[in-house]
Amino acid sequence: HGEGSSPTLHEDAVLVQWDHEGPSFLAAFDKDTGATRWKVPREELSSWSTPIVAEVNGRTQVIAAGAKRVKGYDFATGKVLWECGGLSEENVVATPVAGHGMAYAGSTYDRTVVMGIPLDGNTGGRQPAWIRTRGAPYVPSFLLYDKALYYHHHFQGILTRVNAVTGEYQPGAIRLEGLRSVFSSPIGAAGRIYATDVNGSTIVLSHADKPEVLAVNKLNDRFSASPAAAGRELY
């Protein structure tokens, strides 16, 4: 399908994760000149996840999910700080999120898993704090909103809500009636959760331990990209 990972901008560096059927790598470029800050090889096959940045105990990390594993890199040097196995052998698409001292990643191409991975501790191998083996996302990325982690099952109209710290279901899987194929990621704004499918339907949920459907909006168009919230507007 070609490459689909988005660039990540942090401070004065642009981060690019390039996992494909060839020499894969993660690189940092100067945002003004394009000069290479660092470039490190990766053994991962094709994936479409985008790298994220997290501050951990005063150290900036780049977190990248790919084939078989999640890795944490030093933002300044590109050195691998830690890694955690357990993802699909290939085709990892969902972008991870970070918060509450953990990174959250998952896959469902050939292995269904959602993991909460501690970010502090020693370098080297890292074990998940919790694992879920049902309802993991394929294309849509995760949403971390307060202490709740939301994710679609594969790319279906089923949204799972868990406690981000413990991994406990709160309340678990929620069937979103009327949503079919979902490629966009859920977003949270103003105490609400928005989920959009390719046929132009958006379901609005309350952000609660037991979410309720507040509205269903239908636009005469097709959407694969994720919506974005700015101020009081949704784009």
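Residues are numbered from 1 along each chain as its sequence is written, and side-chain values rest on heavy atoms, with hydrogens and water left out. Because the model is predicted, local features require pLDDT of at least 70 and side-chain atom pairs are counted only at pLDDT 80 or more, whereas totals for chains, interfaces and linings use all residues.

Strands are DSSP runs (E, at least two residues) numbered from the N terminus, and two strands are taken to pair if DSSP finds at least two bridges between them. Strands of a sheet pair through backbone hydrogen bonds, either parallel or antiparallel. Five bridges join E16 and E17 in the antiparallel sense, and Thr 160 has Ala 173 in E17 as its bridge partner.

An open sheet of four strands is also formed in the order E18-E19-E20-E21, again with antiparallel pairing. Its edge strands, E18 (187-189) and E21 (213-218), each pair on one side only. The twist from one strand to the next averages 25°. Three bridges connect E18 with strand E19 (residues 192-196) in the antiparallel sense, and Gly 188 stands opposite Ile 193 in E19.

In soluble globular proteins, nonpolar side chains tend to be buried together. A nonpolar core is defined here as a set of buried Ala, Val, Leu, Ile, Met, Phe, Trp, Tyr and Cys residues joined through side-chain atoms within 4.5 Å. Buried denotes under 20% relative accessible area, exposed over 50%, and partly exposed the range in between (1.4 Å probe, protein chains only). The largest core contains 17 residues, of which Ile 63, Val 70, Trp 82, Leu 87, Met 115, Ile 117 and Leu 119 touch the most other members. At least two residues of this core are supplied by each of strands E5 (52-56), E6 (59-65), E8 (80-85), E10 (102-107) and E11 (113-118). With neighbours within four places in sequence left aside, the contacts of Met 115 (heavy atoms within 4.5 Å) include Val 70, Leu 87, Tyr 104, Pro 128 and Trp 130. Another core, of 13 residues, lies apart from the largest one and includes Leu 159, Val 182, Ile 203 and Leu 205.

Eleven salt bridges are found in the whole structure, each defined by a side-chain nitrogen of Lys or Arg within 4 Å of a carboxyl oxygen of Asp or Glu. Asp 74 and Arg 59 form one of them, at 2.8 Å from N to O. Asp 74 belongs to strand E7 (residues 69-74) and Arg 59 to strand E6, so the pair ties together parts that are 15 residues apart in sequence. Asp 74 is buried, at 8% relative accessible area, whereas Arg 59 is partly exposed at 37%. In a further salt bridge, the closest N and O atoms of Arg 69 and Glu 83 are 3.2 Å apart. Arg 69 lies in strand E7 and Glu 83 in strand E8, so parts 14 residues apart in sequence are tied together; Glu 83 is partly exposed at 32%. The closest N and O atoms in the salt bridge between Asp 209 and Arg 161 are 3.4 Å apart. Asp 209 is placed in the loop between strand E20 (201-206) and E21, and Arg 161 in strand E16 (residues 158-163), so this pair ties together parts 48 residues apart in sequence. Asp 209 is partly exposed at 49%, while Arg 161 is buried at 5%. Salt bridges with shared partners join Asp 19, Arg 42, Glu 44, Arg 69, Lys 71 and Glu 83 into one network.

Two threonines were also examined. Thr 8, in strand E1 (residues 8-10), is buried at 13% relative accessibility, and its side chain reaches the backbone oxygen of Pro 51 at 2.6 Å. Thr 50, in the loop between strand E4 (36-42) and E5, is likewise buried at 13%. The side chain of Thr 50 reaches the backbone nitrogen of Ser 6 at 2.9 Å. Both are polar contacts (N or O atoms within 3.5 Å; within protein, one atom must be able to donate a hydrogen and the other to accept it, and residues adjacent in sequence count only if both atoms are side-chain atoms). Thr 50 and Pro 96 are 46 residues apart in sequence and 7.9 Å apart in space, C-alpha to C-alpha.

Definitions and conventions. Axes fitted to C-alpha atoms, helices over the stretch in contact; angles between N-to-C directions.
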